[in-house]
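Please open the model in your viewer and keep the sequence panel beside it. The stops below say what to select next and what is found there.

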Amino acid sequence: MTTTLGTASAGPGEIDTGRLEVGETRDGSPFGLPVAVINGDSPGRTLYMQAASDGDELNGVGVIQRVVPQLDPAELSGTILIVGIVNYHAFQVAEHRNPIDDTKMNRAYPGNEEGTSSERIAAATFEAATRADLILDLHQGSTSRMLDEVRVRCGKRHRLHEQCLELAKAFGCGYVLDQKGPDGQLARAAPDEGIPTVDPELGGAVGWDEESIRTGVEGVFNVLQYFNFLEGDQSLEPQTRAGGFEQYGAPAGGLVTMRKELGDRVRPGETIFEVTTPFGDPKGEVTADGDGILWRARRLPQVATGEYVCSVGTEIGEY
C-alpha cells in the first residue's frame with residue numbers, strides 16, 4: 001500500500017522525500033517542512049521521527065541526515081515517517097523559539113490547525129505522528145553541556161508509562177530521565193493518544209556535536225531492530241534512570257571551575273564547583289545537597305550571582 005506524507009509518496013519497497021505544507025511566509029509564499037516516507041518491502045509497524053521542534057537543537061537533524069541514507073526499504077518491515085525540521089521559522093534564523101509568534105514549539109502540542117504559526121505546525125506534525133505506532137522526538141540540550149539521555153515525559157501514573165520506558169530502553173544511550181513533562185510536549189500529548197513516545201536529548205552543543213549524533217544514529221537503529229523494522233538481535237541493556245533534577249546556581253559572580261565531570265556520581269557535601277575571581281582568588285564553593293549524577297552544566301565559565309551553573313540528576317536507579 002502506498003504511504004503519503006505531504007508531497008512524499010512511497011509504495012512498498014520505496015523511499016520518497018517531499019514537503020508538508022503548513023502555511024505561508026511573510027511575503028505570502030507557501031512553505032513546507034521537509035518530510036520523508038520510507039515504506040518497507042514487508043508489512044510491519046510505523047515509526048514517526050521528527051527533529052528541530054526547537055529551532056537551534058540541531059543534533060536530531062544530524063541524526064536524520066545520517067540515518068536515512070543507510071535505510072534500504074527492501075530490508076525494512078513497516079514504515080518510517082519523518083519530519084526532518086519541525087520549527088521552520090526558528091531553524092532559518094538559528095533560534096530556539098518560533099520568531100513568528102515567540103513560541104517554544106515543544107509546548108504547542110497537540111496544536112490547532114486554525115491557531116498561531118506554532119500551533120498550526122504542531123497540529124500538522126501531530127496528525128502525522130499519530131499515524132504511527134512509536135514516536136521518537138529528537139532533541140538536544142541547547143547550548144549547555146549535558147549527557148546523552150532519553151526523556152520519558154508521560155508521568156509514572158500514565159497507562160503507557162511502561163511502554164515509553166521500554167522504548168527509551170530500546171534506544172539505549174545509557175541515561176533516562178523519567179519525569180513528567182510540561183503540557184504541550186509531543187511526548188506528553190502522543191501517549192494520551194495511545195502511542196509510546198520519548199524525547200532523546202542528544203547532548204548539548206552550539207551547532208551540532210558528532211559524538212551525540214553518533215549516539216542518536218545508534219539509538220535509532222537499536223529501536224528499528226528491537227521493534228523488528230530491521231533484522232537483528234537487539235537486546236535491552238540496563239539504563240541509569242533519574243527521577244528529577246536539582247539545579248545549582250552561582251553564590252557569587254566570577255569564573256566557574258567544575259570539580260565534577262558529566263556522569264560523575266556526587267555525594268552530599270562533595271564539592272561540585274567553585275567560583276573564583278579572574279585572578280584565581282576563591283569567592284565561593286558549592287557542594288551537593290544529596291546523592292545524584294552530574295547531568296548538565298553550563299558551557300561558559302563566567303557567571304553572575306545566582307546564575308545557573310549545573311543540574312544534578314536525583315532519585316537515581318537502574319532499570
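Begin by selecting Ser144 and Arg296, whose side chains are joined by a polar contact of 3.4 Å; a polar contact is a pair of N or O atoms within 3.5 Å, where within protein one must be able to donate a hydrogen and the other to accept it, and residues adjacent in sequence count only if both atoms are side-chain atoms. This is a predicted model, in which local features need pLDDT of at least 70 and side-chain atom pairs count only at pLDDT 80 or more, while totals for chains, interfaces and linings use all residues. Residues are numbered from 1 along each chain as its sequence is written, and side-chain values use heavy atoms, with hydrogens and water left out.

Staying with Ser144, you will find it in the loop between β7 (134-138) and β8 (145-146), strands being DSSP runs of E of at least two residues, numbered from the N terminus. Ser144 is buried, with a relative accessible area of 11%, where buried means under 20% (1.4 Å probe, protein chains only). Beyond its neighbours within four places in sequence, Ser144 is in contact (heavy atoms within 4.5 Å) with residues including Gly204, Ala205 and Tyr308.

Next, select Ile80, Leu136 and Leu224, the residues with the most contacts inside the largest nonpolar core, which has 43 residues; such a core is a set of buried Ala, Val, Leu, Ile, Met, Phe, Trp, Tyr and Cys residues joined through side-chain atoms within 4.5 Å. A second, separate core of 28 residues includes Leu20, Tyr48, Leu81 and Ala190.

Note on methods:
Buried means under 20% relative accessible area, exposed over 50%, partly exposed in between (1.4 Å probe, protein chains only). Helices (H or I, at least four residues) and strands (E, at least two) are DSSP runs, numbered from the N terminus.
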